[in-house]
Amino acid sequence: MTEENNDGNSTITMEDVQSLIKKKDTIEEQIKAYYDVLEDQEVGMEGPLVDAEGFPRADVNVYQIRTARHSISCLQNDHKAIMVEIEEALHRLHALEKAKREQDQAESQTESMEQEVTLPSPFARVDAVSQGSPACQAGLRISDEIIAFGSINTGNFQNLQNIASVVQHSEGKPLNVTVIRNGQKTQMGLTPQRWSGRGLLGCNIVPIHR
């Protein structure tokens with residue numbers, strides 16, 4: 001019926017399935033039309049076309065009935081065949097969708113694992129951010145885990161004095177700060193400066209002991 005979909009390795013889409021269903025509907029409409037012809041003649045598929053003496057019946061259109069019966073038989077075979085095609089197409093479509101879902105899940109897990117592997121360990125955590133402060137304006141949030149603060153990183157961090165020293169020497173100059181937030185690496189620019197509150201940042205940072 002549909003040569004292009006006979007290759008088991010070919011890609012099938014929902015549009016292909018809908019096209020097959022449309023053909024099925026057309027066949028069913030044709031079968032119904034021929035059954036209507038038989039009903040009009042009041043003979044059906046099995047009614048006799050000859051009279052008691054063996055002559056063609058004069059009260060019905062024998063040729064029209066035979067044509068309708070033959071067409072119904074052919075169309076019913078076509079209907080069976082296309083129903084098989086539709087079933088196979090749906091199985092293949094579902095198999096492709098399942099394979100795609102599994103592939104997407106595998107890629108997502110791989111990406112997540114790669115990210116976990118590549119993210120450095122944080123050395124400090126933000127446990128308070130004041131409204132209107134430089135830290136707040138930079139986008140720093142409570143529970144952000146710091147993996148880089150200017151020149152300070154996981155490899156050279158010793159204590160909070162390291163961060164304090166960088167802040168004091170960077171007043172009015174933007175610092176690159178990298179944090180882990182909800183498992184994702186987030187970067188921002190933080191400029192230490194005077195504001196209405198205490199300090200140059202307006203946030204509280206605590207070390208993470210591992």
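Are Phe 123 and Phe 157 buried or exposed? Phe 123 is buried, and Phe 157 is buried as well, where buried stands for under 20% relative accessible area, exposed for over 50%, and partly exposed for what lies in between, with a 1.4 Å probe and protein chains only.

Before I go on, a word on the basis of all this. This is a predicted model, in which local features need pLDDT of at least 70 and side-chain atom pairs count only at pLDDT 80 or more, while totals for chains, interfaces and linings use all residues. Residues are numbered from 1 along each chain as its sequence is written, and side-chain values use heavy atoms, with hydrogens and water left out.

Back to the two phenylalanines. The structure holds 1 aromatic pair, and since the ring centres of Phe 123 and Phe 157 are 4.6 Å apart with the planes at 25 degrees, the pair is stacked. The criterion is that rings of Phe, Tyr and Trp (its six-membered ring) pair if their centres lie within 6.5 Å, with planes under 30 degrees apart counted as stacked, over 60 as edge-to-face and the rest as tilted. The pair links distant parts of the chain, 34 residues apart: Phe 123 sits in the loop between helix H2 (62-118) and strand S1 (124-129), and Phe 157 in the loop between strand S3 (152-153) and helix H4 (160-168). Helices (H or I, at least four residues) and strands (E, at least two) are DSSP runs here, numbered from the N terminus.

On the overall layout, the protein is divided into domain 1 (14-117) and domain 2 (124-207), with bounds that come from an automatic or database domain assignment. The C-alpha centres of these two domains lie 68 Å apart.

Let me turn to helix H1. The buried residues in H1 include Val 17, Leu 20, Ile 27 and Leu 38. Just after H1, Glu 42 takes a positive phi of about 60 degrees.

Next come the charged contacts. The structure holds 7 salt bridges, each being a side-chain nitrogen of Lys or Arg within 4 Å of a carboxyl oxygen of Asp or Glu. In one of them Glu 28 meets Lys 24, with the closest N and O atoms 3.2 Å apart, and both residues lie in H1, 4 residues apart, which is about one turn of the helix. Glu 28 counts as partly exposed at 32% relative accessibility, whereas Lys 24, at 14%, counts as buried. Asp 36 forms a salt bridge with Lys 32 at 3.3 Å between the closest N and O atoms, and here Asp 36 is partly exposed at 31%, while Lys 32 is exposed at 52%. Salt bridges that share partners also join Lys 24, Asp 25 and Glu 28 into one network.

Finally, the cysteines. How many disulfides does a search of the whole structure find? The search finds 0, a disulfide being a pair of cysteine sulfur atoms within 2.5 Å. The sulfur of Cys 136 has its closest cysteine sulfur in Cys 203, 10 Å away, which is too far for a bond. Cys 136 itself counts as partly exposed, at 25% relative accessibility.
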